[in-house]
Amino acid sequence: MTATSPIGRAWLLNAITTVVLWGIWGAFSGLSPQYGFPETLVYCVWALTMIPPMLVVLAQVGWKLDVSPTAIAHGAAVGLLGAAGQMLLFYAVARGPAYLIFPIISLSPVVTIALSFLFMRERTGKLGALGILLALAALPTFDFAPGASSSGQGVAWLIPALLVMLCWGVQAYFMKSANNVMSAESIFSYMAVTALLLMPVAYAMTDFAKPINWGPSGPWLAAGIQVLNAIGALTLVFAFRYGKAIIVAPLTNAGAPLATSIISLVVLGVVPGPLKTVGIGLALLASLLLAIEPDSADKTAVTQPA
(Lines give C-alpha, C1' and ligand atoms only; values in the text may rest on other atoms or scores of the structure.)
Protein backbone atom coordinates (compact mmCIF):
# COMPACT_ATOMS: atom_id res chain seq x y z
CA MET A 1 0.00 0.00 0.00
CA THR A 2 1.33 3.43 -0.93
CA ALA A 3 0.58 6.68 0.86
CA THR A 4 -1.36 7.90 -2.18
CA SER A 5 -3.70 4.90 -2.33
CA PRO A 6 -7.36 5.32 -1.26
CA ILE A 7 -6.68 3.50 2.01
CA GLY A 8 -3.46 5.47 2.47
CA ARG A 9 -5.39 8.74 2.39
CA ALA A 10 -8.48 7.49 4.23
CA TRP A 11 -6.94 8.80 7.45
CA LEU A 12 -6.73 12.30 5.97
CA LEU A 13 -10.34 12.35 4.75
CA ASN A 14 -11.59 11.27 8.18
CA ALA A 15 -9.26 13.66 10.01
CA ILE A 16 -10.41 16.60 7.88
CA THR A 17 -14.05 15.63 8.48
CA THR A 18 -13.35 15.65 12.22
CA VAL A 19 -11.68 19.04 11.96
CA VAL A 20 -14.63 20.54 10.07
CA LEU A 21 -17.31 19.04 12.34
CA TRP A 22 -15.48 19.89 15.55
CA GLY A 23 -14.70 23.34 14.18
CA ILE A 24 -18.40 24.08 13.66
CA TRP A 25 -19.23 22.47 17.01
CA GLY A 26 -16.62 24.58 18.77
CA ALA A 27 -17.92 27.81 17.25
CA PHE A 28 -21.46 27.23 18.51
CA SER A 29 -21.01 24.98 21.57
CA GLY A 30 -21.09 27.95 23.92
CA LEU A 31 -24.63 28.86 22.90
CA SER A 32 -26.36 26.25 25.06
CA PRO A 33 -24.96 27.47 28.41
CA GLN A 34 -25.58 31.06 27.29
CA TYR A 35 -29.23 30.18 26.71
CA GLY A 36 -29.59 28.68 30.16
CA PHE A 37 -28.91 25.00 29.49
CA PRO A 38 -26.09 23.88 31.84
CA GLU A 39 -22.99 22.09 30.60
CA THR A 40 -23.70 19.02 32.71
CA LEU A 41 -26.98 18.51 30.85
CA VAL A 42 -25.21 19.29 27.58
CA TYR A 43 -23.06 16.24 28.39
CA CYS A 44 -26.22 14.14 28.77
CA VAL A 45 -27.50 15.37 25.41
CA TRP A 46 -24.11 14.66 23.81
CA ALA A 47 -24.18 11.10 25.16
CA LEU A 48 -27.61 10.59 23.60
CA THR A 49 -26.42 11.96 20.23
CA MET A 50 -23.80 9.19 20.18
CA ILE A 51 -26.59 6.62 19.74
CA PRO A 52 -27.62 7.32 16.08
CA PRO A 53 -24.08 7.11 14.59
CA MET A 54 -23.40 4.04 16.72
CA LEU A 55 -26.48 2.31 15.30
CA VAL A 56 -25.55 3.32 11.75
CA VAL A 57 -22.01 1.90 11.88
CA LEU A 58 -23.11 -1.27 13.67
CA ALA A 59 -25.78 -1.86 11.02
CA GLN A 60 -23.12 -1.49 8.32
CA VAL A 61 -21.11 -4.37 9.82
CA GLY A 62 -24.11 -6.62 10.44
CA TRP A 63 -24.46 -5.72 14.13
CA LYS A 64 -21.15 -7.43 14.89
CA LEU A 65 -19.66 -6.14 18.11
CA ASP A 66 -16.23 -7.33 19.24
CA VAL A 67 -16.75 -8.86 22.68
CA SER A 68 -13.41 -10.53 23.40
CA PRO A 69 -11.87 -9.56 26.77
CA THR A 70 -9.15 -7.62 24.98
CA ALA A 71 -11.67 -5.71 22.86
CA ILE A 72 -13.85 -4.90 25.86
CA ALA A 73 -10.82 -3.67 27.81
CA HIS A 74 -9.66 -1.42 24.98
CA GLY A 75 -13.16 -0.13 24.27
CA ALA A 76 -13.79 0.59 27.93
CA ALA A 77 -10.45 2.38 28.22
CA VAL A 78 -11.17 4.64 25.25
CA GLY A 79 -14.70 5.42 26.40
CA LEU A 80 -13.98 5.91 30.08
CA LEU A 81 -10.91 8.08 29.50
CA GLY A 82 -12.88 10.35 27.18
CA ALA A 83 -15.91 10.60 29.45
CA ALA A 84 -13.82 10.97 32.62
CA GLY A 85 -11.91 13.81 30.99
CA GLN A 86 -15.20 15.55 30.24
CA MET A 87 -16.35 15.15 33.84
CA LEU A 88 -13.06 16.52 35.18
CA LEU A 89 -13.40 19.42 32.78
CA PHE A 90 -16.73 20.37 34.40
CA TYR A 91 -14.98 20.37 37.79
CA ALA A 92 -12.04 22.42 36.55
CA VAL A 93 -13.97 25.17 34.74
CA ALA A 94 -16.18 25.64 37.81
CA ARG A 95 -13.09 26.48 39.86
CA GLY A 96 -10.59 28.07 37.53
CA PRO A 97 -10.05 30.39 34.56
CA ALA A 98 -10.85 28.92 31.17
CA TYR A 99 -8.05 30.97 29.61
CA LEU A 100 -5.53 28.88 31.55
CA ILE A 101 -7.37 25.56 31.64
CA PHE A 102 -7.94 25.06 27.93
CA PRO A 103 -4.38 25.78 26.79
CA ILE A 104 -3.25 23.07 29.22
CA ILE A 105 -5.83 20.60 27.91
CA SER A 106 -4.99 21.44 24.31
CA LEU A 107 -1.52 19.96 24.82
CA SER A 108 -2.93 16.43 25.14
CA PRO A 109 -1.33 15.46 21.78
CA VAL A 110 2.04 15.68 23.54
CA VAL A 111 0.97 12.69 25.64
CA THR A 112 -0.32 10.83 22.58
CA ILE A 113 2.84 11.50 20.60
CA ALA A 114 5.09 10.38 23.44
CA LEU A 115 3.17 7.13 23.99
CA SER A 116 2.96 6.39 20.26
CA PHE A 117 6.68 7.05 19.84
CA LEU A 118 7.67 4.85 22.79
CA PHE A 119 5.24 1.94 22.60
CA MET A 120 4.04 1.76 18.97
CA ARG A 121 7.36 2.87 17.49
CA GLU A 122 5.62 5.38 15.25
CA ARG A 123 7.90 7.69 13.33
CA THR A 124 7.42 10.43 10.76
CA GLY A 125 9.51 12.34 8.24
CA LYS A 126 10.94 15.83 8.48
CA LEU A 127 7.77 17.50 7.19
CA GLY A 128 5.64 15.59 9.67
CA ALA A 129 7.98 16.40 12.55
CA LEU A 130 7.90 20.10 11.69
CA GLY A 131 4.12 19.96 11.35
CA ILE A 132 3.80 18.36 14.80
CA LEU A 133 5.98 21.05 16.40
CA LEU A 134 4.01 23.86 14.72
CA ALA A 135 0.70 22.28 15.72
CA LEU A 136 1.80 21.98 19.34
CA ALA A 137 2.98 25.60 19.28
CA ALA A 138 -0.37 26.74 17.84
CA LEU A 139 -2.66 24.86 20.24
CA PRO A 140 -2.37 27.03 23.38
CA THR A 141 -2.89 30.28 21.46
CA PHE A 142 -6.50 29.49 20.57
CA ASP A 143 -7.75 29.61 24.16
CA PHE A 144 -5.28 32.03 25.72
CA ALA A 145 -6.92 35.30 26.75
CA PRO A 146 -4.67 37.48 28.94
CA GLY A 147 -6.56 39.51 31.49
CA ALA A 148 -9.66 37.32 31.50
CA SER A 149 -11.34 37.11 34.86
CA SER A 150 -10.92 34.02 36.98
CA SER A 151 -13.89 32.40 38.64
CA GLY A 152 -11.71 30.14 40.78
CA GLN A 153 -9.48 30.54 43.75
CA GLY A 154 -5.93 29.34 44.08
CA VAL A 155 -4.99 26.44 41.82
CA ALA A 156 -7.76 23.98 42.70
CA TRP A 157 -8.36 23.75 38.97
CA LEU A 158 -4.77 22.89 38.01
CA ILE A 159 -4.71 19.18 38.92
CA PRO A 160 -8.10 18.48 37.25
CA ALA A 161 -6.93 20.34 34.12
CA LEU A 162 -3.72 18.29 34.02
CA LEU A 163 -5.77 15.13 34.51
CA VAL A 164 -8.03 16.07 31.57
CA MET A 165 -4.95 16.56 29.40
CA LEU A 166 -3.63 13.19 30.53
CA CYS A 167 -6.98 11.41 30.04
CA TRP A 168 -7.49 12.69 26.52
CA GLY A 169 -3.88 12.17 25.51
CA VAL A 170 -3.94 8.55 26.72
CA GLN A 171 -7.39 8.06 25.17
CA ALA A 172 -6.05 8.97 21.73
CA TYR A 173 -3.22 6.48 22.17
CA PHE A 174 -5.63 3.71 23.14
CA MET A 175 -7.92 4.70 20.27
CA LYS A 176 -5.08 3.90 17.90
CA SER A 177 -3.98 0.81 19.82
CA ALA A 178 -7.54 -0.52 19.93
CA ASN A 179 -7.67 -0.57 16.13
CA ASN A 180 -5.13 -3.39 16.22
CA VAL A 181 -7.48 -5.70 18.15
CA MET A 182 -11.00 -4.63 17.19
CA SER A 183 -13.03 -2.85 14.54
CA ALA A 184 -13.46 0.91 14.48
CA GLU A 185 -17.21 0.38 14.67
CA SER A 186 -16.82 -1.51 17.94
CA ILE A 187 -14.50 1.15 19.36
CA PHE A 188 -17.08 3.85 18.75
CA SER A 189 -19.85 1.67 20.16
CA TYR A 190 -17.95 1.23 23.41
CA MET A 191 -17.35 4.99 23.50
CA ALA A 192 -21.09 5.58 23.17
CA VAL A 193 -21.99 3.02 25.82
CA THR A 194 -19.54 4.43 28.39
CA ALA A 195 -20.76 7.97 27.69
CA LEU A 196 -24.32 6.82 28.37
CA LEU A 197 -23.30 5.00 31.56
CA LEU A 198 -21.86 8.23 32.97
CA MET A 199 -24.99 10.26 32.25
CA PRO A 200 -26.31 9.81 35.84
CA VAL A 201 -23.07 11.32 37.17
CA ALA A 202 -23.44 14.42 34.97
CA TYR A 203 -27.11 14.64 35.88
CA ALA A 204 -26.25 14.51 39.58
CA MET A 205 -23.71 17.32 39.11
CA THR A 206 -26.41 19.62 37.75
CA ASP A 207 -27.54 22.51 39.95
CA PHE A 208 -31.31 22.31 39.57
CA ALA A 209 -31.74 25.19 42.01
CA LYS A 210 -30.91 27.49 39.10
CA PRO A 211 -33.36 28.11 36.23
CA ILE A 212 -32.93 25.67 33.34
CA ASN A 213 -34.05 26.33 29.79
CA TRP A 214 -36.11 23.33 28.70
CA GLY A 215 -37.37 25.03 25.53
CA PRO A 216 -36.21 24.62 21.91
CA SER A 217 -33.10 26.74 22.56
CA GLY A 218 -32.18 24.41 25.44
CA PRO A 219 -31.93 20.65 24.87
CA TRP A 220 -32.93 20.73 21.20
CA LEU A 221 -30.36 23.34 20.26
CA ALA A 222 -27.79 21.40 22.29
CA ALA A 223 -28.68 18.22 20.37
CA GLY A 224 -28.20 19.95 17.02
CA ILE A 225 -24.78 21.17 18.08
CA GLN A 226 -23.62 18.07 19.94
CA VAL A 227 -24.45 15.68 17.10
CA LEU A 228 -21.56 17.35 15.24
CA ASN A 229 -19.33 16.40 18.16
CA ALA A 230 -20.59 12.82 18.08
CA ILE A 231 -20.07 12.33 14.34
CA GLY A 232 -16.67 14.00 14.60
CA ALA A 233 -15.71 11.47 17.27
CA LEU A 234 -16.72 8.68 14.89
CA THR A 235 -14.60 9.99 12.02
CA LEU A 236 -11.72 10.50 14.47
CA VAL A 237 -11.83 6.78 15.31
CA PHE A 238 -11.48 5.98 11.60
CA ALA A 239 -8.70 8.56 11.22
CA PHE A 240 -6.75 6.73 13.93
CA ARG A 241 -7.57 3.41 12.26
CA TYR A 242 -5.87 4.36 8.99
CA GLY A 243 -3.34 6.99 10.12
CA LYS A 244 -0.51 7.29 12.59
CA ALA A 245 -1.52 8.59 16.01
CA ILE A 246 1.62 10.73 16.02
CA ILE A 247 0.15 12.60 13.00
CA VAL A 248 -3.62 12.39 13.56
CA ALA A 249 -3.58 13.73 17.14
CA PRO A 250 -1.81 17.07 16.46
CA LEU A 251 -3.59 17.58 13.13
CA THR A 252 -7.09 17.25 14.59
CA ASN A 253 -6.26 19.10 17.81
CA ALA A 254 -4.80 22.06 15.93
CA GLY A 255 -7.17 21.91 12.95
CA ALA A 256 -10.41 21.98 14.93
CA PRO A 257 -9.62 25.23 16.82
CA LEU A 258 -8.42 26.66 13.52
CA ALA A 259 -11.76 25.86 11.90
CA THR A 260 -13.58 27.29 14.93
CA SER A 261 -11.61 30.53 14.64
CA ILE A 262 -12.36 30.86 10.94
CA ILE A 263 -16.08 30.13 11.43
CA SER A 264 -16.26 32.56 14.35
CA LEU A 265 -14.59 35.20 12.19
CA VAL A 266 -16.85 34.70 9.16
CA VAL A 267 -20.20 33.81 10.74
CA LEU A 268 -20.12 35.33 14.21
CA GLY A 269 -17.98 38.36 13.40
CA VAL A 270 -15.44 37.56 16.10
CA VAL A 271 -12.09 39.17 15.27
CA PRO A 272 -9.10 37.22 16.69
CA GLY A 273 -6.41 39.06 18.58
CA PRO A 274 -2.76 39.14 17.52
CA LEU A 275 -1.84 35.97 19.42
CA LYS A 276 -4.69 33.97 17.95
CA THR A 277 -3.84 35.30 14.49
CA VAL A 278 -0.34 33.89 14.93
CA GLY A 279 -1.90 30.61 16.11
CA ILE A 280 -4.10 30.46 13.02
CA GLY A 281 -1.07 30.91 10.77
CA LEU A 282 0.88 28.22 12.63
CA ALA A 283 -2.07 25.81 12.49
CA LEU A 284 -2.57 26.39 8.76
CA LEU A 285 1.06 25.64 8.05
CA ALA A 286 1.06 22.65 10.41
CA SER A 287 -2.07 21.21 8.81
CA LEU A 288 -0.55 21.55 5.36
CA LEU A 289 2.70 19.84 6.38
CA LEU A 290 0.89 17.00 8.15
CA ALA A 291 -1.45 16.49 5.20
CA ILE A 292 1.34 16.22 2.62
CA GLU A 293 3.71 14.18 4.80
CA PRO A 294 4.19 10.95 2.76
CA ASP A 295 4.67 8.79 5.88
CA SER A 296 1.38 9.80 7.56
CA ALA A 297 -0.57 6.67 6.68
CA ASP A 298 -0.33 3.57 8.83
CA LYS A 299 0.74 0.89 6.36
CA THR A 300 -0.57 -1.84 8.66
CA ALA A 301 -4.11 -0.48 8.55
CA VAL A 302 -5.20 -2.82 5.76
CA THR A 303 -4.65 -5.79 8.06
CA GLN A 304 -6.84 -4.38 10.83
CA PRO A 305 -10.35 -5.67 11.39
CA ALA A 306 -13.10 -4.02 9.39
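Residues are numbered from 1 along the chain as its sequence is written, and side-chain values use heavy atoms, with hydrogens and water left out. In this predicted model, local features need a pLDDT of at least 70 and side-chain atom pairs count only at pLDDT 80 or more, while totals for chains, interfaces and linings use all residues.

The chain holds 14 helices and zero strands, where helices (H or I, at least four residues) and strands (E, at least two) are DSSP runs numbered from the N terminus. Of the 306 residues in the chain, 51% are buried; a residue is called buried under 20% relative accessible area, exposed over 50%, and partly exposed in between, with a 1.4 Å probe and protein chains only.

Helix H7, residues 108–119, lets us check a helix by its length. The expected span of a helix is 1.5 Å times one less than its number of residues, so the 12 residues of H7 should span 16 Å, and the 17 Å between its end C-alpha atoms agrees with this. Within H7, the buried residues are Ser-108, Pro-109, Val-111, Thr-112, Ile-113, Leu-115 and Ser-116. After H7 comes Arg-121, with a positive phi near 55 degrees. Trp-63 also has a positive phi, near 60 degrees, in a residue other than glycine. Trp-63 sits in the loop between helix H4 (51–60) and helix H5 (69–93), and its relative accessibility of 55% is the reason why it counts as exposed.

We turn next to the aromatic rings. A pair of aromatic rings is described by the distance of the centres and the angle of the planes. Rings of Phe, Tyr and Trp (its six-membered ring) pair if their centres lie within 6.5 Å, and planes under 30 degrees apart count as stacked, over 60 as edge-to-face and the rest as tilted. The structure holds five aromatic pairs. One of them joins Phe-37 and Trp-214 edge-to-face, with 6.0 Å from centre to centre and 80 degrees between the planes. This pair links distant parts of the chain, 177 residues apart, since Phe-37 lies in the loop between helix H2 (31–34) and helix H3 (39–49), and Trp-214 in the loop between helix H11 (199–205) and helix H12 (216–242). Phe-37 is buried at 2% relative accessibility, whereas Trp-214 is exposed at 53%. Tyr-173 and Phe-174 form another edge-to-face pair, 5.6 Å centre to centre and with 75 degrees between the planes. Here Tyr-173 is buried, at 12% relative accessible area, and Phe-174 is partly exposed, at 27%. Ring pairs also bring in Phe-119, which forms a cluster with Tyr-173 and Phe-174.

Ser-183 lies in the loop between helix H9 (158–178) and helix H10 (184–197), and with 4% relative accessibility Ser-183 counts as buried. Its side chain makes a polar contact of 3.1 Å with the side chain of Ser-186; such a contact is a pair of N or O atoms within 3.5 Å, and within protein one must be able to donate a hydrogen and the other to accept it, while residues adjacent in sequence count only if both atoms are side-chain atoms.

Finally, Val-267 is found in the loop between helix H13 (245–266) and helix H14 (274–292), and its relative accessible area of 52% makes it exposed.
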